[in-house]
Amino acid sequence: MSDTTWDCIVVGAGAAGLSAALVLGRARRRTLVIDAGAQSNRVAHGTGGLLGQDGRRPADFYAAGRAELAAYPTVELRSAEVVAGKRGEAGFVLESSDGSREAARLVLLATGMDYRFPALPGIAERFGRSVFHCPFCHGWEVRERRLGVLDRGATGMQRALLLRFWSDDVTLLTDGPAELEAEDRDRLAAAGVQIDERHVAGVDGPVETLTAIAFTDGGTRACGGLLVPVTLHQRSTLAGRLGAVASAAGHVAADALEVDPMLRTTASGLFAAGDVSAKMPSVANAIAAGSTAAAVVVHDLMSEAGDRLVSDPRHPAPA
Ligand SMILES: Cc1cc2nc3c(=O)[nH]c(=O)nc-3n(C[C@H](O)[C@H](O)[C@H](O)COP(=O)(O)OP(=O)(O)OC[C@H]3O[C@@H](n4cnc5c(N)ncnc54)[C@H](O)[C@@H]3O)c2cc1C
C-alpha cells in the first residue's frame, strides 16, 4: 500500500466523478480518481440536453474533463477498477484491479449504473442511437420519424403520449395483449397513438439504423426510432461492501443508493453521486451531484483536519 492517505478517493470518472474531482482539486485536496472507463452513454453519438455541450461526443466530453484536471497537482487519475474495499484505520482502504491498495479518509462513489433493456434481437447494438430509453436525450435526433414505444407495462401509455411531442406517428407496442382500460385506449386514440399488440421478435435495419419492428407472426412495422424501458442496477457489490444501503426501487433504478441531500450515504464517510444514487439520471444531474458531494467532502475534511487545514506543499500528490 502507498504511504499516502488520500483526502478522498473518487471511484469513477464519468460526469459525476470528474465534476467532483474538479471541485476537490480546486480546493487543493489530495484526491485519487480511479476509473474503469465505461461511462454509460459512451455508445451514443452525442450527449443531448447538456448546456454548453449539447450533442457533443461523450468520449470528447470525458477527455476534456480529464484534461481540465491536469491543472490541479493534488489530483491523480488512475485507470483501473476498484475490486474490493473495507474500512481502515483512517477511513477506507480500496483495492484495484492493477493490484494497488490505497487508503483514504473519505470515499465518493461515482460508479454509475448498469442500464438493462429488453433482451430482444437487434436492440443492444442500436441502444443509445435509434433505440433509446430517454426521449429528452435522444428524441430530438429521431423527431418526425415513425416512432415506436415498446412497453408491456402501465407506463406504456404515458411514454407513448410523451413521445408525441417528437412525432405525429407513434405506435405503442405492447408485445402481447395490452393491459389498458377502455379510457386509456380512448386517450391514446385521441392523441393519434396506434396500438400494436403483436409479440415483438426483434428490430431490423442496416448497422445501427432502425427501419422496422419484426413480430413473431412474421409481420413487420416500419419504425425509425424505438423507445424502450430500462432498469438501472448497481454495477457491482462495492457500495454494499463499504456499508451503503440501497433505497427502495424507484421508477427507473432498481437499487440506487440511499443518500441525504448532501449526497452522504448511510455509511459514515462514504458519499455517492451521479446515477449510482440518482432519482433522475442525466449527465447534467450527475455533474451537479458530483459538485455538491465534493463541496460537502471538503467541509467534512475541514471538520476532521483541525490543524491540517492547508495542503502541505512538501507533500504533493504522488506521481
Ligand atoms: C446509451 C445512453 C445514452 C445516454 N444519453 C444521455 C444524453 O444524451 N443526455 C443525458 O443527459 N444523459 C444521457 N444518458 C444518461 C447519462 O449517461 C448518465 O446519467 C450519466 O452518464 C451518469 O454519470 P455518472 O458519472 O453517474 O456515471 P457514468 O457516466 O456511468 O460513469 C461511471 C464511471 O465509473 C466507472 N466505474 C464503475 N465502477 C467502478 C469501479 N468499481 N472502479 C472504477 N471505476 C468504476 C465506470 O467505468 C464509469 O467510467 C444516457 C445513458 C445511456 C445508457
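Here's a quick tour of the ligand site, a cavity and a sheet in this structure.

It's a predicted model, where local features need pLDDT of at least 70, side-chain atom pairs count only at pLDDT 80 or more, and totals for chains, interfaces and linings use all residues. Residues are numbered from 1 along each chain as its sequence is written, and side-chain values use heavy atoms, with hydrogens and water left out.

**Around the ligand**

- The ligand has 38 residues around it, and D35, A38, G48, V82 and D275 come nearest (a residue is near if one of its heavy atoms lies within 4 Å).
- Sorted by kind, that shell holds 18 nonpolar, 16 polar and four charged residues (Ala, Val, Leu, Ile, Met, Phe, Trp, Tyr, Cys and Pro count as nonpolar, Asp, Glu, Lys and Arg as charged, and the others, Gly among them, as polar).
- Polar contacts (pairs of N or O atoms within 3.5 Å) show up too: a polar backbone atom of A16 sits 3.0 Å from a ligand oxygen, and a backbone N or O atom of A36 is 3.0 Å from a ligand nitrogen.
- On its own the ligand exposes 1000 Å², and the protein buries 97% of that (areas by the Shrake-Rupley method with a 1.4 Å probe).
- Elements giving two or more residues to the shell are α1 (15-26), β2 (31-35), α3 (135-138) and α7 (283-305) (DSSP runs: helices are H or I, at least four residues, and strands are E, at least two, numbered from the N terminus).

**The cavity**

- There's one cavity of 30 Å³ or more (on a 1 Å grid over the protein atoms alone, a set of points where a 1.4 Å probe fits but cannot get out).
- The largest cavity holds about 50 Å³ of space (the volume filled by probe spheres set on the points).
- Its lining (residues with an atom within 4 Å of a point) includes R146, D169 and C223.
- That lining splits into five nonpolar, two polar and three charged residues.

**The sheet**

- Five strands form an open sheet in the order β8-β15-β9-β10-β11, with parallel pairing (two strands pair if DSSP finds at least two bridges between them).
- β8 (131-132) and β11 (194-196) are the edge strands.
- β9 and β15 (residues 225-227) pair over three bridges, and G148 has L226 of β15 as its bridge partner.

Conventions. A polar contact is a pair of N or O atoms within 3.5 Å; within protein, one must be able to donate a hydrogen and the other to accept it, and residues adjacent in sequence count only if both atoms are side-chain atoms. On a 1 Å grid over the protein atoms alone, a cavity is a set of points where a 1.4 Å probe fits but cannot get out, and a pocket is an open set with protein on both sides within 12 Å along at least five of seven lines; lining residues have an atom within 4 Å of a point.
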